[in-house]
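Dear colleague,

I am handing over the structure below, together with an account of what turned up when I went through it. Please read the notes beside the structure itself.

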Amino acid sequence: MRFIFRPPAAHAAGLLTLPWSTPLEEWDDEHLLEVAQRGISRHVVRFVEADGMVYALKEIDERLARREYRLLGELESMGMPAVSVLGICVERGDDQDAILVTRFLEYSMSYRYVFSHGHTHQPTDQLIDAMVELLARLHLAGLFWGDCSLSNTLFRPDAGSVAAYLVDAETAELHPSLTDGQRGFDIDYAVERVGGELLDLQAGGLLPPDVDPITVAAELPLRYHALWDELTREELLQPEEQRYRVAERIDRLNELGFDVDEIELVTTDEGARLKVHTRVAESGRHRHRLFTLTGLQVTENQARRLLNDVVSHRAYLEQKEGRSLPESVAAHRWRSEVYDKVMAMVPADLSDRLAPAEVFHEILEHRWFLSEAAGRDVGTTAAARSYVQKILPSTPKTLTVLPEGPGSPS
C-alpha cells in the first residue's frame, strides 16, 4: 500500500490510521460521517473526519485517480474554483481501486440540496449563472471538462449569489488553449445533462412549478456565449475614446467577477484594436484588499459587501469624532467594534449553518428589511440579535455533526 500526498499534509496524519486495505464501501470507522448535502456519484464516496478536518474519499481506477490527482493539483496552483486535492492511496491489494482524497469544501452543497432546502431565492437562475461562469473560467484556463453537469459541481452561498466549484475532473483535459469545437462539446453536453438533472428534480417535486427544465437548459449556451464574448472579444477604438473605453471594459469585467491580466492595443489604419487577456484565477481584488485591511479571508462577493460596510463605518466614525481617519485605522476598528462583536453573538450550535462572512452579509440584509419596516435605521447589533433568534436557526446545516470523540471539535 502506498500513499501520495501533496505538501503540506502534516495535518492529515490522522488519515493514515484508516482501514485503507478494506474496500471503501465496507468501512465502519468512528471517523466516518454523513454529509447531508452530498451529491450523486457513480463511485463509492465516503466522508471522514481526521484531526478536526473533513475529507472526501472516492474509490476509483488507479489510472483515473492519478490523472485526477494531477489535474486537481494543477487547477489549485492556478487559483481555479475547484476542490482541493490532498492525495491518493494506491496498491491497496486484492486488485482494489485507488482512493482519491480531497478536502471537503466548507459550506458547499449539491444542486439537489440547494433546491430541497431553499438556500437561495432564485436557485435555478443562480445555479445556471454560477455554472456558466465556472465553465467560462475553466475554458479560459484551457480545461476541457468533458463531463459538465450540476452533479459534478458544488455550490456555495456568496453574499446573495452562488459560487460554483468543479468537484469531478475524471474526464478533464488541460490544454494550452481550447478550440471552438472543444468548448462546444462541453456546452452541448452541459445542456443535455442539466436538462436531465432538472427533469429529475421536477419528477421528485423539488423544482418550482414555474420552472421549465428544457427552457432553463436551453438558456445555458446563450448565457455562456454572452459571457464568453464579453471576456474575449476585440474592440476597435478611435484615438479620442481609447482612455475611457478601456476603463469601461475593465470595469465591466470586474463587475462580472473577472480580473484583467493584460491589455493589448494594436494600431491599425482603422484605429486601435483592443484585446483584453482575462485572468483565469478566481477574482481576488476585493478579497486581497479586505485581507490586507482586516485579516479576514472570504470570497470575492463577500469581500465586496464587507468593504462597503467598512466604508460606511468609517464615515460614521469620522462624523461622530469630527476628524478624518486613515482607511487602515477605520478597518481595524470596524473589525473589532462591528464584525467581531456580531460574530460573537452567533451561538456555537449554529456556527455550522453558513460561513461567518455570509452570516454577516445576511445580517446586513436583515438590517435593511428591519429598518424599512421601522422607518429608521435599527443598527447592526439589533439586526444581528433578531437574525440569530429568528432566521439563522431555520437555516439548514451545511454539515452533519462530527462524531464524538477526543479528536472532534467542540
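**Salt bridges, burial and strand pairing**

With a relative accessibility of 44%, R323 counts as partly exposed, and its side chain meets that of E321 in a salt bridge at 3.0 Å, N to O. E321 is likewise partly exposed, its relative accessible area being 29%. Please keep in mind throughout that this is a predicted model, and that every value quoted here was computed from it.

Another brings together the side chains of R223 and D129, with an N to O distance of 2.8 Å. Because R223 belongs to helix α5 (residues 213-232) and D129 to helix α3 (residues 123-140), this pair ties together parts that lie 94 residues apart in sequence. Both partners are partly exposed: R223 has a relative accessible area of 23%, and D129 has one of 39%.

A further salt bridge, between the side chains of E235 and R249, also has an N to O distance of 2.8 Å. It links distant parts of the chain, since E235 sits in strand β11 (residues 235-237) and R249 in helix α6 (residues 242-255), 14 residues apart. Here both partners are buried, E235 with a relative accessible area of 8% and R249 with a relative accessibility of 0%. In general, side chains of opposite charge can pair when their charged atoms come close.

Turning to individual buried positions, S149 is placed in the loop between β7 (143-144) and β8 (153-158), and, despite that loop setting, S149 counts as buried, at 0% relative accessibility. The side chain of S149 makes a polar contact with the side chain of R193 at 3.4 Å. If residues up to four places away in sequence are left aside, S149 touches M131, R193 and E197.

What of the cysteines, and how many disulfides does the structure hold? The count is 0. C89 is buried, with 0% relative accessibility, and C148 is buried as well, again at 0%.

Finally, there is the sheet around strand β4 (residues 53-60), in which 7 of the 8 residues are buried, so that β4 is largely enclosed by the rest of the structure. Strand β3 (residues 45-50) runs antiparallel to β4, and the two are joined by 6 bridges; within this pairing, V45 stands opposite K58 in β4. β3 and β4 form a hairpin with 2 residues between them, and D51, in the turn, has a positive phi of about 55°. β4 also pairs with strand β6 (residues 98-103), in the antiparallel sense and over 6 bridges, where A56 has T102 of β6 as its bridge partner. As a general point for looking at these strands, side chains in a regular strand alternate between the two faces of the sheet.

With best regards

Note on methods:
Residues are numbered from 1 along each chain as its sequence is written. This is a predicted model: local features need pLDDT of at least 70, side-chain atom pairs count only at pLDDT 80 or more; totals for chains, interfaces and linings use all residues. Side-chain values use heavy atoms; hydrogens and water are left out. A salt bridge is a side-chain nitrogen of Lys or Arg within 4 Å of a carboxyl oxygen of Asp or Glu. Helices (H or I, at least four residues) and strands (E, at least two) are DSSP runs, numbered from the N terminus. Buried means under 20% relative accessible area, exposed over 50%, partly exposed in between (1.4 Å probe, protein chains only). A polar contact is a pair of N or O atoms within 3.5 Å; within protein, one must be able to donate a hydrogen and the other to accept it, and residues adjacent in sequence count only if both atoms are side-chain atoms. Contact means heavy atoms within 4.5 Å. A disulfide is a pair of cysteine sulfur atoms within 2.5 Å. Two strands pair if DSSP finds at least two bridges between them.
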